[in-house]
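Here is a short tour of one protein model. Keep the sequence and the 3D view side by side as you read.

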Amino acid sequence: MSTAESRLAFEDFQVGRVFEFGGRQVDRDEVLAFAAAYDPQPFHLDEEAANASVLGGLSASGWHTCAMTMRMMCDGYLLNSTSQGSPGLDNIRWLKPVRPGDTLNVRMSILEARPSKNRPQIGLVRSQWEVRNQHGDTVLTMEGWGMFGRREAAAGAEVPPAAG
């Protein structure tokens with residue numbers, strides 16, 4: 001278990017910093033189970049229908065790809081951070097089909113970081129995520145905000161309010 005000092009906090013998410021993590025293999029049974037439960041379109045459930053579709057073969061739901069990305073984010077950094085959640089995502093784009101057997105990796109770039117105006121113990125971080133398969137093809141991009149505890153607040157120090 002990590003100590004508070006070793007956990008990633010707001011101060012660790014400087015603009016321009018890049019994190020890379022992942023290595024998750026896409027399992028055919030998980031693709032079918034997710035589709036059956038949440039996105040039962042034929043190209044996610046049936047090999048023949050998928051082959052006849054514009055996707056040209058069985059593919060994971062875009063929402064399943066987002067869920068797998070979330071798991072990689074948790075394992076890659078969120079579970080070892082001061083994360084306080086997220087107010088949302090923007091610009092989600094599914095660029096290529098994700099196939100059973102693919103191995104996914106994530107590249108996260110920090111675009112913006114600023115202290116919260118209303119909650120000085122929290123910092124806001126805007127990131128862009130690119131999810132790539134084993135061939136280096138980008139299959140998903142998205143942007144979003146994360147809320148992280150500030151190290152000074154965790155240490156009990158007085159945290160100055162954000163300017164502006």
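Which exposed residues does the face of helix 1 turned away from its buried side carry? They are Asp29, Ala36 and Ala37. Exposed means over 50% relative accessible area, buried under 20%, and partly exposed in between (1.4 Å probe, protein chains only). Helices (H or I, at least four residues) and strands (E, at least two) are DSSP runs, numbered from the N terminus.

This is a predicted model: local features need pLDDT of at least 70, side-chain atom pairs count only at pLDDT 80 or more, and totals for chains, interfaces and linings use all residues. Residues are numbered from 1 along each chain as its sequence is written, and side-chain values use heavy atoms, without hydrogens and water.

Helix 1 spans residues 28–38, and its Val31, Phe34 and Ala35 are buried. They sit on the same side of helix 1 because they cover an arc of only 100 degrees around the axis. That arc is taken from the directions from the helix axis to the C-beta atoms.

At the N-terminal end, aspartate 27 caps helix 1. One of its side-chain oxygens lies 3.0 Å from the backbone nitrogen of aspartate 29.

Now to strand 2 (residues 88–94), where asparagine 91 is found. Its phi is near 55 degrees, a positive value in a residue other than glycine. Most residues other than glycine have a negative phi. Asparagine 91 counts as partly exposed, at 42% relative accessibility.

Notes. A polar contact is a pair of N or O atoms within 3.5 Å; within protein, one must be able to donate a hydrogen and the other to accept it, and residues adjacent in sequence count only if both atoms are side-chain atoms.
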